[in-house]
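Please work through the following exercises with the sequence and the structure at hand. Each task is followed by a solution in steps.

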Amino acid sequence: MITVHHLENSRSQRVLWLLEELALPYQLVRYARDPRTLLAPPQLRAIHPLGKSPVVVDDGQALAESGAILEYLVERYDTAQALSPPAQPATSPERLRYRYWMHYAEGSAMPPLLLSLVMTRIRGAKMPFFARPVARAITAKAMAAFVGPQLKLHLDWMERELAATGWFAGERFTAADIQMSFPVEAAAVRGGLDGHPNLAGFLQRIHARPAYQRALEKGGPFTLASG
C-alpha cells in the first residue's frame, strides 16, 4: 500500500491527483499547517528530515520532491503509459517536452511566484512604524524591477506553449500537466491570469477532471496563499 503524507494546501495535492488518475489504492495521512506560521508541523520530520510535504512511502522507501514522486509513480505503475509518452525513443519531441515541463514547474516557474508571495508578506508583516516605508519601498522596487517582469516572462511563455494543444507535453493530458498545475494555480491566485486565456482554459479543464475532484474530496480544500 502506498502511503501519502499530505500537507493541506500544498504540492502534495498533485500526488493525490496522480494516484486518482491511475486508480491506485493509497493510505492518506493528513497534516495541518501551523495557523500562525503556515509551516508544516514538526511531525513530518519523523517521515523525512526536511519535514516537508509531499512524502510518499512505497515498499519501505520514503520519497520526497513532488516531481520525483510523480516520475517514480508513473514509471512504476503507469504500465499502459496513459499519463506519459513512450519511453523510447528518448529523444522524441513529445518525450523531451514531457521531461522539460516535469522539471520546469519547480525549477523555473515557482521561484518568481514564491518571491511574489514573500514580498507580499514582507509588506504586510508587523514592524516598527518607521521601518514600514523602507520595507514597502524595497519590496515595491524588487517587484517592479525583477519579480514582476519575471512573472510576466514565464506566464507569457506558458501561454504560448499551450496554444497548440491545450496541454503542456503534446496532444494529450499527461503527468506533466499534473506537475504544472501547481504553478498555474499559484499564478491565478497571486497575480491573476488576465491576458492569458490558454492558462485559464487549462485550469478549467483540469478542475473538471473527475480524478482532480476526487483528490480534493480526499485531501481537503485547496486554497493557496495570495501574493
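The exercises below concern a predicted model and treat ring pairs, charges over rings, a helix contact and one histidine.

**Exercise 1.** Classify the pair formed by the rings of Trp-17 and Phe-173, and locate both residues in the chain.

*Solution.* 
Step 1. The ring centres are 5.7 Å apart, and centres within 6.5 Å make a pair.
Step 2. The planes stand at 40°; angles under 30 degrees count as stacked and those over 60 as edge-to-face, with the rest tilted. The pair is therefore tilted.
Step 3. Trp-17 belongs to helix α1 (residues 12–21), while Phe-173 lies in the loop between α4 (132–162) and α5 (175–190).
Step 4. Trp-17 and Phe-173 are both buried.

**Exercise 2.** Classify the aromatic pair of Trp-101 and Trp-157, and decide for each residue whether it is buried or partly exposed.

*Solution.* 
Step 1. The distance from centre to centre is 6.0 Å and the angle between the planes is 25°. Because planes under 30 degrees apart count as stacked, this pair of Trp-101 and Trp-157 is stacked.
Step 2. Trp-101 is in helix α3 (residues 93–124) and Trp-157 in helix α4, 56 residues apart.
Step 3. Buried means under 20% relative accessible area. Trp-101, at 1%, is therefore buried, whereas Trp-157, at 27%, is partly exposed.

**Exercise 3.** Describe how α1 and α2 are arranged and which residues make their contact.

*Solution.* 
Step 1. The axes of α1 and helix α2 (residues 66–77) come within 10 Å and cross at roughly 10°.
Step 2. Angles under 35 degrees count as roughly parallel, and α1 and α2 are therefore roughly parallel to each other.
Step 3. From α1 the contact uses Arg-14, Val-15, Leu-18 and Leu-19; from α2 it uses Ser-66, Ile-69, Leu-70, Leu-73 and Val-74.
Step 4. Sorted by class, this contact of α1 with α2 has seven nonpolar, one polar and one charged residues.

**Exercise 4.** Where is His-207 found, and is His-207 buried or partly exposed?

*Solution.* 
Step 1. His-207 is found in helix α6 (residues 197–207).
Step 2. Its relative accessible area is 31%, so His-207 is partly exposed.

Methods
Residues numbered from 1 in each chain as written. Predicted model: local features only at pLDDT ≥ 70, side-chain atom pairs only at ≥ 80, totals over all residues. Heavy atoms only, no water. Helix = DSSP H or I, 4+ residues; strand = E, 2+ residues; numbered from the N terminus. Buried < 20%, exposed > 50% of the residue type's maximum accessible area, 1.4 Å probe, protein only. Axes fitted to C-alpha atoms, helices over the stretch in contact; angles between N-to-C directions. Parallel < 35°, antiparallel > 145°, perpendicular 65-115°, else oblique. Contact = heavy atoms within 4.5 Å. Nonpolar A, V, L, I, M, F, W, Y, C, P; charged D, E, K, R; others polar.
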